[in-house]
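Please consult the sequence and the structure while reading.

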Amino acid sequence: MALNKRRFDALIIGAGGAGLNAAIQLANTDARVAVVSKVFPTRSHTVAAQGGVNAALANVLPDNWHWHMFDTVKGSDYLGDQDAIEFMCREAIPTVYELEHNGVPFSRLDDGKIYQRAFGGQSQDFGGAQAARTCAAADRTGHAILHALYQQNVRARTHFFDEYFAIDLIRDDEGAILGALVMEIETGEPLLIEAKATVLATGGCGQVYRTTSNAHINTGDGMAMALRAGIPLMDMEFFQFHPTGIAGRGMLITEGVRGEGGYLVNRDGERFMERYAPNAKDLASRDVVSRAIVTEVKEGRGCGPQADHVLLKVDHLGEEIVSKRLPGIRESGRIFAGVDAAHEPLPVFPTAHYVMGGIPTDPYGRVIVPQGTGEEVVPGLYAAGECACVSVHGANRLGGNSLLDILVFGRAAGLDVIENLQEHKNHRPMNESSVEAAMARLTRWDQKGEGISIRELRDEFRKTMEDHAGVFRTEEIMGEGVEKLKALRDRLPEVRLHDHSKVFNTARVEALELENLFDTGIAIAYSALMRKESRGAHSRPDYPDRDDTNWMKHSLYFREDDRMDYKPVRTKPLTVETFPPKARVY
Amino acid sequence: MKFLVSRFNPESDTSPYMQEFEVEVVRGMMLRDALLEIKRHDESFAFRHSCGEGVCGSDGVNVNGTNKLACITPISELTEPVEVRPFPGRPIIRDLVVDMTQFYQQYRAVKPWLVRDDPMPEQEILQSPEERDKLDGLYECILCGCCSTACPSFWWNPEKFHGPQALLTAWRFLADSRDQATDERLDALEGPYKLFRCHTIMNCVDVCPKGLNPTKAIGHIKTLMLKNAV
Amino acid sequence: MTTTTRRPVHLNLFKIKLPIAGIMSIIHRATGVFMFLALPVLIYLLDLSLSGPAGYAEAGDALHGLFGTIFVFLIMWSLAHHLLAGIRYLLIDVDLGVEKEIARQSALGVVVAAPILGLLLAGGVL
Amino acid sequence: MSRKASGLKAWAIQRLTAIYIGLFALYLVAVLLFAAPVDFVAWKEWIGGPLVSVMLLLFIVSVLMHAWIGVRDILIDYVHPIAIRASLLGLVAMALVGMGLWAAQALILVRMA
């Protein structure tokens with residue numbers, strides 16, 4: 001049977017904030033743009049972002065983008081690229097205004113301006129008093145933004161391929177990306193989408209861990225596709241564990257809760273963050289708070305019958321503030337913890353949340369790979385959002401900077417694609433051998449016979465990741481982990497689908513996702529084992545200090561032979577002075 | 001605990017049937033967890049789900065006769081045997097997965113985006129907290145479809161009646177102080193079908209997992225229309 | 001999707017639980033239809049009763065017979081339900097009682113009160 | 001009724017007629033309960049009274065309009081083949097007009113008698 005083909009100017013894979021903000025730029029021109037998403041766009045995980053998006057609007061307190069930049073560089077533990085960070089913090093301001101113009105229902109201040117709340121790691125005047133920089137739509141900011149972006153794309157008539165799963169990128173012998181092979185989930189039929197430019201915006205890979213705030217769909221599809229196309233993943237060892245997931249379940253309780261005045265207590269009722277971060281206390285950056293919670297529990301000061309969590313107190317704020325500013329949290333607490341946050345504290349524990357690393361790009365969203373002593377752009381390929389690594393988050397992301405990242409760089413990628421299309425009027429010739437390779441990845445699951453089930457390997461893999469690549473990492477724990485993961489990876493060819501039906505076969509989708517989980521998970525574990533220092537979210541008791549002499553560099557993991565490479569951090573901003581590395585205290 | 005789930009695979013079945021599963025229930029278990037347990041036993045079982053916390057709106061199903069989001073429905077609140085069926089009135093693609101095309105078409109039909117004729121200011125369009133409060137109870141919709149697929153009027157006329165979801169969205173923009181397309185929006189809703197198939201049955205309000213009230217929104221649209229007409 | 005596959009639809013009304021407001025609503029519709037169908041009978045009775053003393057007596061007798069009594073009760077119940085539900089709808093139109101809990105209670109109130117009121121009215125009229 | 005006007009107008013008429021029908025029904029029931037005409041003459045006189053006749057005629061018109069909108073709604077909801085629906089609507093319209101004339105005739109005759 002002949003393979004169905006479609007041609008577009010641009011192909012965007014993923015319909016979260018990054019993908020949709022790239023798509024809207026393109027759709028507003030006369031470019032033909034296709035958005036492929038394995039779920040209906042408003043189901044993308046951007047919808048779950050709660051707290052808000054950072055921009056130095058100075059609506060509540062004095063602010064400017066340079067302070068925001070300082071906080072982001074410091075928050076990144078000096079691993080973030082300062083040119084990209086400057087770009088993002090400057091762009092933040094027009095980006096938020098554009099969102100507002102696109103209809104996002106931001107909460108408001110009495111003077112009619114956008115409401116901004118306090119968030120962790122945000123300061124005035126380069127490390128001074130707490131800033132109010134995080135623009136919020138109650139505690140449903142991601143939902144409000146995602147829906148508005150989808151709506152704008154509907155207006156602009158973007159072509160959506162809803163519930164299509166991207167199998168692999170297609171590339172020619174020079175490494176240029178020609179589009180992607182996708183599968184219509186409803187029919188199980190493959191479809192080849194040719195495009196002059198392809199944007200990966202597939203989000204994170206939080207499903208590599210067992211306890212996670214991430215949705216079922218966050219399986220690192222784009223990152224794994226990049227890996228299989230020979231592109232390395234950058235800084236994958238930096239995985240953020242959000243301090244406040246609902247204990248035992250992982251659902252997120254936004255940092256906005258602490259921004260509004262909530263705080264953490266241990267079994268003795270002590271506000272323990274005062275010991276770990278005397279100034280910022282509960283609003284210290286996320287890695288600091290997560291480690292503090294884990295330490296409290298490890299040292300026997302946890303709450304509950306198993307002493308396995310701490311408590312987040314909100315009830316002192318009063319019912320009115322809680323229901324006005326944090327309605328979603330109150331609802332989640334009630335449903336998943338059986339607790340009314342307006343009257344009782346919430347049981348919380350760190351949960352796998354966000355991968356700082358990803359596909360290496362420049363600030364225009366172009367994917368870049370090492371070439372000789374320098375770097376070069378992969379023709380026709382872009383990445384934006386959590387799947388990309390620009391890098392603005394370095395070793396640790398600040399709350400409110402992820403929505404910002406997806407929006408700023410999604411937009412930048414879209415705009416650069418428009419320019420790129422001016423220069424490249426024609427599609428490059430198709431490369432049949434690459435299509436065949438992608439098809440093989442799909443047809444591999446038609447193999448019949450007995451074998452390991454997807455579930456079995458998936459469960460074992462996620463548990464191994466949790467046990468061996470979690471919050472605290474030693475050589476021994478991680479070394480064992482990498483061996484275990486490799487052994488599990490060797491069993492992948494033995495996995496069999498028992499259900500070979502075509503129509504909406506979710507098992508087939510999960511099989512394809514399983515391979516992506518393995519590729520991204522092993523990238524995390526391997527990069528982590530190699531980095532012998534503690535920096536940001538990567539915390540090693542055996543190397544407790546940050547080592548700027550040897551390790552102020554980005555890691556690059558290649559799938560082929562699990563090879564590692566490194567490249568320097570870009571410390572020179574675009575227009576301002578460099579922020580030199582300093583001890584990171586809050 | 002005994003579960004009866006609706007199964008249908010178009011490649012092998014002629015019509016849907018109920019299949020029984022026994023699921024071991026643990027404390028705090030949600031319906032989605034039970035469905036995942038069933039999938040663990042039988043990978044051919046298909047249903048949509050994603051975020052697991054009631055914000056993505058993927059996993060709406062009909063449980064013991066009522067539309068619910070599986071991920072925020074505690075098993076402890078359900079009576080045994082738990083009967084799980086796909087959304088009423090939607091064509092079944094497979095098992096619990098239904099074709100929501102018409103639902104999305106109705107959503108898109110109300111022009112669900114902010115329309116602004118004035119030139120955009122350099123900064124935000126100002127909006128007072130009171131004006132913003134009018135959007136509460138409207139913008140939180142997650143497009144899960146529980147309401148529209150519980151609505152008899154939508155069962156009978158899904159291609160012409162907007163349904164509670166789309167009408168809630170229509171009011172979300174009519175109620176937004178920043179929107180400048182009130183007349184066009186109201187005109188577009190005239191006629192016997194799009195808006196006026198709503199007979200205030202209120203099944204939508206009963207099932208909305210986010211506690212929203214489409215009937216109230218529809219009432220506001222009718223009132224505004226009436227005001228503009230006289 | 002371009003291929004035409006058979007797609008069943010779940011619309012087994014015995015397996016879909018209608019909330020109380022929905023039950024009230026369908027009764028509203030049913031009573032409306034019943035009264036519409038009863039219109040010719042009512043007009044016939046009116047015409048008969050106005051045709052002269054004999055017709056008047058005949059109409060009165062008809063209403064007091066077994067079928068007449070049942071008919072009067074059904075009409076009065078229908079009227080009561082349609083009227084009460086109608087008042088509830090009018091209030092909801094002006095944004096009164098549109099909240100979920102109140103709407104449930106008022107629907108239950110209508111469903112319970114209508115037959116009682118119907119019985120009382122039928123008794124009073126006959 | 002034009003297509004364009006058949007949404008809001010129908011909805012508004014349904015409500016207006018409902019209010020009148022409701023009020024008049026209450027009045028009617030009250031009369032029947034507390035001041036029921038004792039014999040044919042009383043009945044005829046009551047019903048033939050100028051105010052009652054006008055109210056009653058208005059009531060009949062309201063009921064017919066209300067019924068028309070209600071039945072039309074039901075047919076739009078449940079009957080989709082356009083030919084069948086149009087025929088049924090036609091039948092209902094004729095029936096309603098017929099019943100209206102019949103009722104009016106009864107009332108007018110009694111006033112002339």
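## Extent of the contact between chains A and B

Two residues are in contact when they have heavy atoms within 4.5 Å of each other. The model discussed here is predicted. In the contact between chain A and chain B, 61 residues are contributed by chain A and 61 residues by chain B. Together the two chains bury an area of about 4,900 Å². Carbon and sulfur atoms supply 52% of that buried area.

## Polar and charged pairs

Between chain A and chain B there are 37 residue pairs in polar contact, counted where both residues have pLDDT 80 or more. The interface of these two chains also holds 9 salt bridges. A salt bridge links Glu100(A) to Arg178(B), with 2.8 Å between the closest N and O atoms.

On the side of chain A that touches chain B, the elements giving two or more residues are helix 3 (82-101), helix 4 (141-155), helix 10 (327-337), helix 13 (454-468) and helix 15 (506-530) of chain A. Helix 4 of chain A provides the largest share of this side, with 8 residues.

## A nonpolar surface patch on chain C

On chain C, a nonpolar surface patch is formed by Leu108(C), Val112(C), Ile116(C), Leu117(C) and Leu120(C). The accessible area of these residues together is about 450 Å².

Val112(C), one of the residues of the patch, lies in helix 4 (residues 100-125) of chain C. Val112(C) is classed as partly exposed because its relative accessibility is 47%, and that class covers values between the limits of 20% for buried and 50% for exposed.

Conventions: Residues numbered from 1 in each chain as written. Chains lettered and ligands numbered in written order. Predicted model: local features only at pLDDT ≥ 70, side-chain atom pairs only at ≥ 80, totals over all residues. Heavy atoms only, no water. Patch = residues over 30% accessible without salt bridge, like charges linked within 9 Å, V, L, I, M, F, W, Y side chains within 5 Å. Areas by Shrake-Rupley, 256 points an atom, 1.4 Å probe, with all protein chains shown as cover. Salt bridge = Lys/Arg side-chain N within 4 Å of Asp/Glu carboxyl O. Helix = DSSP H or I, 4+ residues; strand = E, 2+ residues; numbered from the N terminus. Buried < 20%, exposed > 50% of the residue type's maximum accessible area, 1.4 Å probe, protein only. Buried area = accessible area lost by both parts, 1.4 Å probe. Polar contact = N/O pair within 3.5 Å; in protein donor to acceptor, adjacent residues only side chain to side chain.
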